[in-house]
Structure formats: structure tokens, C-alpha cells
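I am opening a notebook on a structure I have not looked at before. The entries below follow the order in which I looked things up.

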Amino acid sequence: PDKAEPMRFEIALPHELKFAQESSFALSPDGRSLVFGASGSDGVRRLWIRPLNSLEAHSISGTEFDGINFVFWSHDSRFVVFDAGAKLMKIPSSGGLAQTICDLPKHSMGGSWNRDNVIIFGTFVGDLMRVYAEGGAPVQLTRVNRARQEMGHYFPNFLADGRHFLYWCASNIPENQGIYVGSLDASPEEQGSRQLVAGNAGL
């Protein structure tokens, strides 16, 4: 394959918007849109979408939030998933009604949505959880290992096969902190403990 060339560009916020530092931003899988949390002239924090073929950003009604908010896309770029406080919600990126996916134990800490409509997400509680995009009760996917002084598993991202995923493990022991790989086919007790990359930052 041809050598990939680096690209550098800026996406400036409209003057009337203020980026919400407690939120996140995410590029859609099709590479066409950016979603981010910001407050407008009314001071309310909500999600905004900026198509990359436009200089304008538009708000998504029904995505108002307070506190920490991590956002991610469906695999086909049709939905945006966001943390509404006590619930994980999804809303069409083109606009529409927000729908509840599941209740949250405190706030979410990143997530990912695969082609089989399985959503995985991190929580402040520490373990990764899984749930179907259609909704339901979340199921534990990983278990924090207290013997390794792990504090939590956060920011999961599916790999191309849609079965394996990467996640960041936070630990009080620096050498145990970093990026690990997990599988939907493993129980919480069977998840691998091999560190791929050491580091103190998430994915």
C-alpha cells in the first residue's frame, strides 16, 4: 500500500459555542461528521454535530446533559450514543427522539458499538459492561482485579472483527496501567491480562 501521508487541520467552534470540558468528541465511522458537547448562548450543554463538508454546526435537540458526558457513534454512523446522567441514550444523528438503551451505574466512561448491535461501555464503577443497542439490562463484561490494584477499565473500542476490543486499565501500580485486549466470547473471569501498551492515558 501507498505510504500514508499525515494530515493536519483545525475545526474551530462557532463563536457562540463553548466546548464542554466534561464532555468528549467523536468522529463518525464514515469520517463525515464530528459530534461534541458544547454550550450555546442559552448556557445549556448539549450535543452538536459538525459535518466535515460544512462550516456550520447544529445542535441535537434532546441531548441536554449535566456533568460528565462521553459520546460515541453506532457502527453505521446513524446514531449517536450519549450519557444522560443515569441512563445511556441513543439518538439519530439526523435528528429525532432520544431512546433509552439502559440504566447506568453512575456515569459512563467511553463506549463502542459493533456491527452485531452490541454496545460495550465503561463506568465509574470500574467494570466494562455490554448491552444490546435495542436496549435491556447491561451485563458485566470485565471484572476489575483488586489484587493488581486495578481501579477501573475504561474507554473500550471494538477491533475490526467486532468480537475483540481494546480498553484502558487504570491501576495504582504503574506497570499494570495501560491498554489491554478483551473478547465478547470470554467471561469476566476469563478476560486476558496481557498488557499491549503501557501508559497512563486512555484510548
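Entry 1: I began with an open sheet of four strands, which come in the order 6-7-8-9 with antiparallel pairing. I looked for its edges and found strand 6 (71-73) and strand 9 (99-103), each of which pairs on one side only. I then looked up the angle: neighbouring strands of this sheet are turned by 25° against each other on average, direction ignored. I note here that this is a predicted model.

Entry 2: I picked strand 8, residues 87-92, and looked at how it meets strand 9. Four bridges join the two, and they run antiparallel. Which residue of strand 9 is the bridge partner of leucine 88? I found cysteine 102.

As background, I wrote down that strands of a sheet pair through backbone hydrogen bonds, either parallel or antiparallel.

Entry 3: Inside the order, I checked strand 11 (residues 118-123) against strand 12 (residues 129-132) and found four bridges, with the strands running antiparallel. Isoleucine 120 has arginine 130, in strand 12, as its bridge partner.

**Entry 4: the largest pocket.** I looked up the space in the largest pocket and got about 450 Å³. How many residues line the largest pocket? I have 23 in my notes, and Phe72, Gly111, Ser112, Pro156 and Asn157 lie nearest its centre. I also asked which strands supply the lining: strand 2 (25-27), strand 6, strand 10 and strand 14 (150-158) each give at least two residues. Sorted by class, the lining has 14 nonpolar, eight polar and one charged residues.

**Entry 5: arginine 148.** Where is arginine 148 found? I located arginine 148 in the loop between strand 13 and strand 14. Its side chain makes a polar contact with the side chain of tyrosine 180, at 2.7 Å. Leaving aside neighbours within four places in sequence, I listed the contacts of arginine 148 as Ser171, Ile173, Asn176 and Tyr180.

Methods: Residues are numbered from 1 along each chain as its sequence is written. This is a predicted model: local features need pLDDT of at least 70, side-chain atom pairs count only at pLDDT 80 or more; totals for chains, interfaces and linings use all residues. Side-chain values use heavy atoms; hydrogens and water are left out. Two strands pair if DSSP finds at least two bridges between them. Axes are lines fitted to C-alpha atoms, for helices over the stretch in contact, and angles run from 0 to 180 degrees between N-to-C directions. On a 1 Å grid over the protein atoms alone, a cavity is a set of points where a 1.4 Å probe fits but cannot get out, and a pocket is an open set with protein on both sides within 12 Å along at least five of seven lines; lining residues have an atom within 4 Å of a point. Grid points are joined across faces, edges and corners, and a volume is the space filled by probe spheres set on the points. Ala, Val, Leu, Ile, Met, Phe, Trp, Tyr, Cys and Pro count as nonpolar, Asp, Glu, Lys and Arg as charged, and the others, Gly among them, as polar. A polar contact is a pair of N or O atoms within 3.5 Å; within protein, one must be able to donate a hydrogen and the other to accept it, and residues adjacent in sequence count only if both atoms are side-chain atoms. Contact means heavy atoms within 4.5 Å.
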